[in-house]
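Dear colleague,

I am passing on the structure we spoke about, together with some notes on what turned up when I went through it. Please look at it first and then read on.

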Amino acid sequence: GYNIHDTESPYVVDSVMTQVLTKLTGELSKLYECCKSDEMSPGSFKLRLDLFVEEDHKYESQLVNLLLVILDNADADKTSRYLNQVQRGCISMLQTMASNSSLQAFKALAKISGDSMFVARETLRAGNSTDDDDSDDGYGEVLELEASKTVASAFDSGDMSSEAKIIVMCSVLTQYLKIHGLHNKSGVNNISRKGRGIFRAKYDTLTRVMDSGLEATARVDMSLKDKSVIDSIWDKIIDAVKTLLLECLIDGYANNSKSILDIIALFLLHLPPRKYSTVRSILEKGANRAIEVAFGKNEDFDEHLTSADNIVEGAIDIFLACFMGLCQKMPSSPALKSMTGQILGGTIESSDWPTGNSSHQVRARHKLALAVCESLKTTSSQDLLVATFPLLCRLTNVANNNLREAAGQILSGINLADAISRERERAETAEAKAREIEEENNALLEEVDYLQAENEELQRQLAVFSESADFT
C-alpha cells in the first residue's frame, strides 16, 4: 500500500492539489470583487433575433474558463453527497458573477448542471459502481444539482437586468426543449442513467426561472414599439409551454401536475393579448388531452409506476389550468362550450356518483365537473355564462351537494336582466339591419323593374326603326 508520509503518495498529491486549487479559487474571488465593475464587468448586450450573441468580454470570459478548468481538476468523488472545498468555491464565485448579470457565468452553470434542472434522481443503484459506470457522468451528480440550484437562486437576484433575465430564460428553455426531446423519444417518463438509477422529470427550477423571466419579458414588451424581437421570445416561450402540455407523459400527470399548473398560470398572467390566438389551440388541446387521460381505462395505467388515482388527480389539475385559462383570457373559444357540454351534460345524465367503491372514471367525471364550475366562476364573460345557463340550471337538481352549490354560485353571478337587455338590443339591431337590407332589396327590385321596362321600350323602338329601314 501507499505510505501517507511518502511524497509520491497520491493521497498527498490530491491533498496538495486541493489546497492549491482552494487557495487559487479564493484569490480569484478577491480579484473579481475588485474588478467586477470595471475590467470584469459583464459584456454589453441587447435583445436581438439571435439571443445568444453577446459582446465578448475578454477578462470575464477568461475568468469563467479558468473556473471550469479548476472544476475539471478538482478530482472530486462523483458519488459523494457533498461538494468539496474547490467545487464549493467555484460554484459560489459563479453565483456571484451570475448575480452581477454575467451571461458567461450563467452559460457555465447551465453547462455544469446538464439535465439536473429538469430531471430528479429517483433511486440510486445498489451495490458497487465501477469506474466505467461514471465515465459519462460529466461533473458528478451533486455538482450538477448545486449548479442547477445556483441558476435559480441567482436568477432571483434583484441586480439582474430584465434583458439579462430574458436571455438566460431563453437559454434555459432551449436546454429544456433539447433535454425533453432526448429523454422522451423512448415514450417513457422515467430516465435511466447508467450506474445512477432512475430519474424523473422535475420543474422547480424551470418554474422559478419562468416566474422572473416572464415578468421581465412582459415589462420589456410594454416598452417596445417594434415587437419583432420580443415576439420571437414569446414564440420560444409558447413552444416550451406547448411541449409541457402536449408531450407530458402519463406518469408526468401524477408527478408534475402542480408545477405545470403553476407554470401555465404564470404564463397566462404575463402573455400579451396579441398572442392569445396562437395559445388558444394549445390550451384547448391540453384540456382535451387531460380529459382523455382522466377517463382512461384502468388497464391504460397498469404499466405506470403511479396509481390511477394519482394520474387522474394530476390530469384534473392540468385540465383546470387549461380550462380556467380559456375562461379568463379567451372566453369566446368554441371549445369551452363543447367541453362544458361534454362534462356537465355527462355528469347530469349519469346516475353514478362517487362512493368508496366507485371506478376512477366516475370520480374523474365528478371532479372534472367541479373544475368546470370553478373555472366558470372566474370568467368575466356574461356571454359564456348565459350559453351554459341551461346546463347550470339542470346541475342544481343533481344528487351531489358540491355540484349543486357550485352551480348555484355561478347562477347567482349571472346578470340575467343585463343579458336579456343585451339580447334584446342585439335582436333590435338585427331587426333594424334586416329592415335596411329589405328596403335596399326593394329598391333594387324597383330599379330592376325600371331597367326591364326601359329595356322593353328600347327593344320596341329598335323594332320600329328596323321596320322603317326595311320600308325605305
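Among the contacts in the protein with a separation of 6 or more, 76% are accounted for by residues 24 or more positions apart. Please bear in mind that this is a predicted model, and that every value below is computed from it. The protein has 18 helices and three strands, and 44% of its 472 residues count as buried.

The buried residues of H2 are Glu 60, Ser 61, Leu 63, Val 64, Leu 67, Leu 68, Ile 70 and Leu 71.

Helix H3, residues 85-99, has 15 residues and reaches 21 Å from its first C-alpha to its last, which is close to the 21 Å expected at 1.5 Å a residue. In H3 the buried residues are Val 86, Gln 87, Cys 90, Ile 91, Met 93, Leu 94, Met 97 and Ala 98. Because these cover an arc of only 160° around the axis, they lie on the same side of H3. As background, an α-helix has 3.6 residues a turn, so residues three or four places apart point the same way.

Leaving aside residues up to four places away in sequence, Thr 150 touches Ile 91, Gln 95 and Leu 109.

Finally, how many cavities of 30 Å³ or more does a search of the whole structure find? The search finds three, and the second largest cavity has a volume of about 110 Å³. This second largest cavity is lined by 11 residues, of which Phe 106, Lys 107, Ile 167, Val 168 and Ser 171 are the closest to its centre. Helix H4 (103-113) and helix H6 (162-184) are the elements that give two or more residues to this lining. By class, the lining of the second largest cavity has nine nonpolar residues, one polar residue and one charged residue.

Definitions and conventions. Residues numbered from 1 in each chain as written. Predicted model: local features only at pLDDT ≥ 70, side-chain atom pairs only at ≥ 80, totals over all residues. Heavy atoms only, no water. Contact = heavy atoms within 4.5 Å. 1 Å grid on protein atoms, 1.4 Å probe; cavity = no way out; pocket = protein on both sides within 12 Å on 5 of 7 lines; lining within 4 Å. Points joined across faces, edges and corners; volume = space filled by probe spheres on them. Helix = DSSP H or I, 4+ residues; strand = E, 2+ residues; numbered from the N terminus. Nonpolar A, V, L, I, M, F, W, Y, C, P; charged D, E, K, R; others polar. Expected span 1.5 Å × (residues − 1). Buried < 20%, exposed > 50% of the residue type's maximum accessible area, 1.4 Å probe, protein only. Arc of directions from axis to C-beta.
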